[in-house]
Amino acid sequence: MDLISHQPNKNPNSSTQLTPPSLSRYENQKRRDWNTFCQYLRNHRPPLSLPSCSGAHVLEFLRYLDQFGKTKVHHQNCAFFGLPNPPAPCPCPLRQAWGSLDALIGRLRAAYEENGGPPEANPFGSRAVRLFLREVRDFQAKARGVSYEKKRKRVNRQKPQTQPPLPLQQQQQQQPQQGQSLMANYSGATV
């Protein structure tokens, strides 16, 4: 990608104009999320400033976003509670999915620090927000019959295969000759 504009300069004294690099999808989403949160703070009654924002205000914002959710979350008294694929529709509300909220908080946490907020005062990393996300994850998992158990990494317990030692003559043939690097042997190139 060329960062220098190819438009001719009409003024010989002006410097070459640079076009800003296009932002990644993540950066664009982070900027939109940050703008949405700042708009929420401005519309709050009474309006809030960013330094006065706390974890409680972040939780309020997350609950506000629930009205725009697309994930069916069954109540505990719903007949379909705990069924991964309910056979019929029910009146249970649509909510924000846990994964969406988790990703949103990650982007807002990064945006807060990029916009001058001190990391130790980041309301998006507060204990209350972490506990809320954990509760949402666990409840949605139960309501939808999906478990979010941590999967353990499989440890490959195969014994390394040992090869019998090569005869002395073959060992000498495999050693690099003087002036030849080990990488040359490895990649098949010669020096």
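**Helix H3 and its surroundings**

Helix H3 is followed by Gly116, whose phi is positive, near 95 degrees. This is a predicted model, in which local features need pLDDT of at least 70 and side-chain atom pairs count only at pLDDT 80 or more, while totals for chains, interfaces and linings use all residues. Residues are numbered from 1 along each chain as its sequence is written, and side-chain values use heavy atoms, with hydrogens and water left out.

**The chain as a whole**

- The secondary structure of the protein chain comes to 6 helices and 2 strands, where helices (H or I, at least four residues) and strands (E, at least two) are DSSP runs numbered from the N terminus.
- Read from the N terminus on, the elements of the protein chain follow the order α-α-β-β-α-α-α-α.
- Of the 191 residues in the protein chain, 26% are buried; buried means under 20% relative accessible area, exposed means over 50%, and partly exposed lies in between (1.4 Å probe, protein chains only).
- The protein chain has an accessible surface of about 15200 Å², and 51% of this surface belongs to carbon and sulfur atoms; accessible areas come from the Shrake-Rupley method with a 1.4 Å probe, and for residues only the protein chains shown count as cover.
- Among the contacts in the protein chain with a separation of 6 or more, 54% are between residues 24 or more positions apart, a contact being heavy atoms within 4.5 Å.

**Helix H3**

- Helix H3 covers residues 98–114, and its 17 residues should span 24 Å at 1.5 Å a residue, which agrees with the 24 Å between its end C-alpha atoms; the expected span is 1.5 Å times one less than the number of residues.
- The buried residues of H3 are Trp98, Leu101, Leu104, Ile105, Arg107, Leu108, Ala111 and Tyr112, and what covers them includes helix H1 (25–43), helix H2 (55–65) and H4.

**The nonpolar core**

- The largest nonpolar core has 24 residues, and those with the most contacts inside it are Trp34, Phe37, Val58, Phe61, Leu62 and Phe124; such a core is a set of buried Ala, Val, Leu, Ile, Met, Phe, Trp, Tyr and Cys residues joined through side-chain atoms within 4.5 Å.
- H1, H2, H3 and H4 are the elements that give two or more residues to this core, and the largest share, 7 residues, comes from H3.
- When neighbours within four places in sequence are left aside, Leu62 is in contact with Leu101, Leu104, Ile105 and Phe132.
- In soluble globular proteins, nonpolar side chains tend to be buried together.

- Gln140 lies in helix H4 (residues 127–144) and is buried, with a relative accessible area of 5%.
- With neighbours within four places in sequence set aside, Gln140 is in contact with Val73, Arg95, Gln96, Ala97 and Trp98.
- Phe68 sits in the loop between H2 and strand S1 (71–72), and is partly exposed, with a relative accessible area of 46%.
- Although Phe68 and Leu94 are 26 residues apart in sequence, their C-alpha atoms are 7.9 Å apart in space.

**The cysteines**

- A disulfide is a covalent bond between the sulfur atoms of two cysteines.
- Counting as a disulfide a pair of cysteine sulfur atoms within 2.5 Å, the model has 0 disulfides.
- The sulfur of Cys38 is 9.1 Å from the closest cysteine sulfur, in Cys53, and is therefore too far away for a bond.
- Cys38 is buried, with a relative accessible area of 18%, and Cys53 also counts as buried, at 9% relative accessibility.
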